[in-house]
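This text walks through a helix packing and then through some salt bridges. Please keep the sequence and the model in view while reading.

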Amino acid sequence: GLTMTRHSLYKEYTKEWYRREWYKLRHRKELRERAEQASARYSCPEEWYSRAAKQLCLHMYKEGKSLVKLQAGDAFLSSEPFSLTTRGGEVKRELGYWLLRGCLTQVKENKQDGSLEVSFVHDLLRSFFLAEATFEQLREQQVGRIKAPASLSLVRLQEEVESIKEHAMVVRSKRDKYREKLVEVVRASRDDGSEEAGRASANAASILVAAGEALSGLDLEGVRVPGAILRNGIFHRTNLRRADLSGVDASHGYFMEARLEGAQLDGADFGERASTRIECKHVSCGAFEPGGKALATGRRDGRIQVWDGETGKCDKELGSHGSKIKILSWRADGNR
């Protein structure tokens, strides 16, 4: 049967919303002709609204806000497709104004300074439109000549988990269309040392892993994916030599026979903890302190010993409690 994802549901919902907004706009006699001229540049009126919504979304991410304050005369408002104008310090209710309101937005007007406070009616729509902007740019490019979409360069999606999920939904449903293009975005970071390229590469890698794509056997030598979320990723025999993996979350990842020589691993989390062998007989229970640097063991004779997790040596021994110790736990701060 047909499987509907959140992304596909939003896609159908926005299309129906745009149809309704277009119907309302065409019934404004003073705007009908201009609306038809403006929308004629696109394949359909719904695409006109969609492009405007994606442009607004990218502006929000660039500003780092889900609610943006747009001042009358701002470059963003005065440029296409909105082309808003002002009169007496207030935004005129012309075509661009109704286009802005028709993009599934909430618009609050501040008459004191002529500004508009704009947000999407639901914050998840930002994630939806960001994913739409990403895959629109990727669709227009050919494998072998991929440039990182601006939507992947603007912000670290590691701080926008819903946006990663939204992108991953699309990759899972259209794997053949987007997998190789996203891999190419990752590889492009080898030759482009800019911060934007590294950010786009980390985002692309995070999306691929979130979509369940195995990156086994790939040549990713020298790529830069700082801070990427690679949790549960599969990198069997992947060449990651000299790669920048600083700050990545690769916990529970599969890196069997992966090449990591010369890789930058500062702050990387592979979900592994160092282990050591300690010689202690008659142990009945044990507990690592929260940082994993020390191990406390309880003995059958009631004694407690504290071991250095790196050297395996006993640093401290507490007197006998007189009976077998069945359970131990540390305080959250690890001091006791």
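Helix axes are lines fitted to C-alpha atoms over the stretch in contact, and angles between N-to-C directions run from 0 to 180 degrees. The model shown is predicted. In this model, helix α1 (residues 6-26) packs against helix α6 (residues 124-139) at an angle of about 95 degrees, and their axes are 11 Å apart. Angles of 65 to 115 degrees count as roughly perpendicular, so α1 is roughly perpendicular to α6. On the α1 side the contact is made by Arg 6, His 7, Tyr 10, Lys 11, Thr 14 and Tyr 18. The α6 side contributes Leu 124, Leu 125, Phe 128, Phe 129, Ala 131 and Glu 132. Sorted by class, this contact has seven nonpolar, two polar and three charged residues.

Side chains of opposite charge can pair when their charged atoms come close. The count of salt bridges comes to 33. One of them joins Glu 46 and Arg 19, with the closest N and O atoms 3.7 Å apart. Glu 46 belongs to helix α3 (residues 45-63) and Arg 19 to helix α1, so this pair ties together parts 27 residues apart in sequence. Glu 46 is buried, at 17% relative accessible area, while Arg 19 is partly exposed at 39%.

Helix α1 also holds Arg 26, and helix α2 (residues 29-39) holds Glu 36. The side chains of Glu 36 and Arg 26 meet in a salt bridge of 3.1 Å, N to O.

Within helix α8 (residues 161-173), Lys 165 and Glu 162 are three residues apart, about one helical turn. Lys 165 forms a salt bridge with Glu 162 at 3.5 Å. Finally, Arg 175, Asp 176, Arg 179, Glu 180 and Glu 213 are linked in a salt-bridge network.

Note on methods
Residues numbered from 1 in each chain as written. Predicted model: local features only at pLDDT ≥ 70, side-chain atom pairs only at ≥ 80, totals over all residues. Heavy atoms only, no water. Helix = DSSP H or I, 4+ residues; strand = E, 2+ residues; numbered from the N terminus. Parallel < 35°, antiparallel > 145°, perpendicular 65-115°, else oblique. Contact = heavy atoms within 4.5 Å. Nonpolar A, V, L, I, M, F, W, Y, C, P; charged D, E, K, R; others polar. Salt bridge = Lys/Arg side-chain N within 4 Å of Asp/Glu carboxyl O. Buried < 20%, exposed > 50% of the residue type's maximum accessible area, 1.4 Å probe, protein only.
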